[in-house]
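Here are my notes for a colleague who is new to this model. Please read them beside the structure.

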Amino acid sequence: MPDGNVSTILYADQRQDQSRRVRAFLESEFGAERVSTTSVAGLQDRVGDQVACVVFDGLDAFDQPTEAVIDTLVSSQPGIETVLLAPDLSAAEIQTAYDAGIDEIVPYTGPETLPILSHHVSRILESGDADTLDEPPGRHLRELIEASDDAVVTIDEANEIRYATSGIEDLFGYTPEAVVGESLTDLMSDQVAARHRESFQRYLETGTRTLEWTDVELVGEHRDGHEVPISVSFSESTVDGERVFSGIIRDISERHTLRQERELFHDTSQRILQAEDFESGLEVALESVGESMNWTYGEVWVPAEDGDQLACLPEQYVATEDAAAFAETAESHTFEKGAGLPGRVWETGEPEWIADVTDDTAGFGRSKEANAAGLHAALGVPITAGEEVVAVLVFLLPEARAMNERMVEATAAVATDLGLLMQRLRIETDLREQEALTSRILDTNPAGILIVDDDGEFTYANERARETLGIPEGERATYEAVDIDLRGSQNTNVAEDVHPYTAVIEHEETIEGEFRFDVDGETHWFFACGAPLADEAGDTMAAIFSFQDITQRKAREQQLARHDAVMQTVSDGIYALDEDGRFLAVNDAYTDLIGYERGELVGEPADRFVDSRTSAKAERLQQHLAKNDHETETLETTLTTADGDVVPIEVSLSLFPREDGHGRVGVVRDISGRKRREERLALLNEVAQTLTRVETPKAVADTVVGAARETLDLPVTSVQLYDDDGGHLTTVAQTDSVTDLVGDGPLFSGTQGIPWQVYAEQEGRVYDHLSDAPEVASDETTLESAIVLPIGTHGVLVTGSTDPDAFTSTEVTLANILASNTLAALERVDREQELRRQRDRLEERNDALARIERINRLIRDITQSLVNAESREEIEQTVCEKLTDGGPYTFSWMAERETVQGASVSPRAADRRG
């Protein structure tokens, strides 16, 4: 080897971002003194260095200068090996690397790849150590080390062996004594022997060597006939004037095997890494490993669908009929983690060697079947993808054997490549699925998707975009070629420099909004989003747009806007619910009534704002409408507002069609006023009933004033009746509020004021601003609002307020009804009083006539008795009896004066009734 700087590993770096990590890893694995670094361009300066392995990191291009450097390195050191560490390469790139002189390729996916690199470098270094031969220390045969493991022979010019060491027996099976005197070609195959004789004779004649004499690789022939790969280093010397040739012959079977294995595994690795699926990679691995290492049987175990057990794949390596019989039994077996050889390797993630599977303590799992097939030694190796064991390789031999580390390492290397294949396939599968999903999403997306480059060409358009813009499938189009005109708010063309495309491409803006375009002469509304796409340098190279035709939506919005405008002009509350009972729309009157904002209602279920009883009633009515095909139904209920107030309402319900059923429209009217009127009318009816029972004008006035205060909410009310004696109106009843305002006086001062005018004209008056009424003196009243109504010829009803505009039309109507009821009551009282007076006079006359009749009847009776009486005493007694008998008297007594002038009398007759 040429002189130069001594190192074992030369690291040629082209990716500075990862070079420190890779170099640090190599130094930690093999020692800093064995690793040196250079750039790819600097390799030419390292041609003279002693290097066993060159690691190229990220060599992207194999141009002629690079290939020349690699060729020079390999030519200067035939045993040098090259490894390329690079990202995932295509098949063509891999072939280019091999053609350029690369021996091994390690796909770099990250730091997890570095142990794989370590394995390849270690194998090369170990092979290099095995290849290294020290040159003989001298040319003389006696200077050779007799005790060397290598065979040393000396031949003369006749090609006859003159001397041989004991190593010859280990190599060829002959004792040294057996070969001395024989031709050297006896240790060669016929083909090699012929070439040797020809080249040896040519050298003797010309003295010109056709090859280097150091470490010449040849094929020898063993005594039993099998070939023996050997390495021979020749030297020439003269002994006693005779030319002799000495050779150190070394058995390079192991080197040869290692080289064959490396070449085989190199080929196997590339075939595995280029496999299109995991099963194909497994077939390559089983066949290559099985044949190269003389395994009798090989199989693969993978997790079953449930992920809890391993099952054997049908792909198997079978070298004998007995192994084929064993293979048939695999289908009936499964292994859990930790069970059997496959299960233990699955669990630990480490290779395991079993010297003899038929040993009951081996825990193989299928010992009987293996024994029947004549299988004994076994190896289980995990295939890992990342940290996951995705499969287990199992190989068996026909004889029991202690662990062979070379077989374990070689098989593990293949398993590593299979793991990389699985990782690659998973990544590719994920990418394909992602690309397929992305493509499917884009193609089925209701929005159009466009990518436009900086030249205005559509580099991508999904199906909806092509359909909307009229781009034929498979044809490329440009922004300018498509018939699109952006329209402004006044339906005029918009300048090119404010188009969305211009904003994104030239101004590098992100846009979003609604745009109106003329597409092929038809006006469309689009909701569009656009963003710039930058290259690696950060320059905008294209723009991506997504757009959705919202023309129909805009039409619906305009229609809804018109409907909304109509809804807002209606004084009643209006709402619309969808088929699920959620608010679709409400007008301002409804929000004012319920006390919630539109944003709080729309989209929310109505039963959040309406009590369950009312919701149930409305639901029943909706079902009734749908079932009986009625147009509307009316519901009276109450509504609780956001402030907690309970408002009586009347709702007119109707249905409208929806895609999934019927929606419901409700027109809601606040009937609080109507309810109050109805309540007041009912109360007025009760007042009218009460007025039918009072008997005096004063009682009527008191009842009316009380009803005005308690029932009609008219706290300032008085009743003034006409005083016949005084000829003026007199207050006969008033509320306490009147007393608080004016004391005992009237609401209007003076005898000729507003009340008197109303009484005289018999026309009621309503004042909203008394201070503005010209007929009202400024000091006549403290009221600002007043209702003054005539009560026929009886007087007036006065109600008022110190506030202007205090009375509604409803209150005026109720006051008129109260005045009418008051008039009716006073008229009835007058009639009833007159009837009572007439009845009293009639009773008096009847009583007088009855008295006269009794007196006449008594006189007739007495007269008749006197006619029949026979004495004075009888006459006197008869008169007394008649007076007490039928008259009004209970006692009668008759006497005579004792003397004419005397004052005393004497009783003559008497009678008592009862």
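**Notes on a cavity and a sheet**

1. Strand 9 gives the most to the lining of the second largest cavity, with 3 residues. Strands here are DSSP runs (E, at least two residues), numbered from the N terminus. Strand 8 (216–221), strand 9 (227–239) and strand 10 (242–251) each supply at least two lining residues.

2. The model is predicted: local features need pLDDT of at least 70, side-chain atom pairs count only at pLDDT 80 or more, and totals for chains, interfaces and linings use all residues. Residues are numbered from 1 along each chain as its sequence is written, and side-chain values use heavy atoms, without hydrogens and water.

3. The count is 3 cavities of 30 Å³ or more. A cavity is a set of points on a 1 Å grid over the protein atoms alone where a 1.4 Å probe fits but cannot get out; lining residues have an atom within 4 Å of a point.

4. Which residues lie nearest the centre of the second largest cavity? They are Leu184, Met188, Ile230, Val232 and Ile249, out of 13 lining residues. By class, the lining has 12 nonpolar, 1 polar and no charged residues.

5. Elsewhere, an open sheet of 5 strands has the order 2-1-3-4-5, with parallel pairing. Pairing takes at least two DSSP bridges between two strands. Strand 2 (35–39) and strand 5 (104–107) are the edges, each pairing on one side only.

6. Strand 1 (residues 9–13) runs parallel to strand 3 (residues 53–57), and 5 bridges join them. Leu10 stands opposite Val54 in strand 3.

Note on methods: 1 Å grid on protein atoms, 1.4 Å probe; cavity = no way out; pocket = protein on both sides within 12 Å on 5 of 7 lines; lining within 4 Å. Points joined across faces, edges and corners; volume = space filled by probe spheres on them. Helix = DSSP H or I, 4+ residues; strand = E, 2+ residues; numbered from the N terminus. Nonpolar A, V, L, I, M, F, W, Y, C, P; charged D, E, K, R; others polar.
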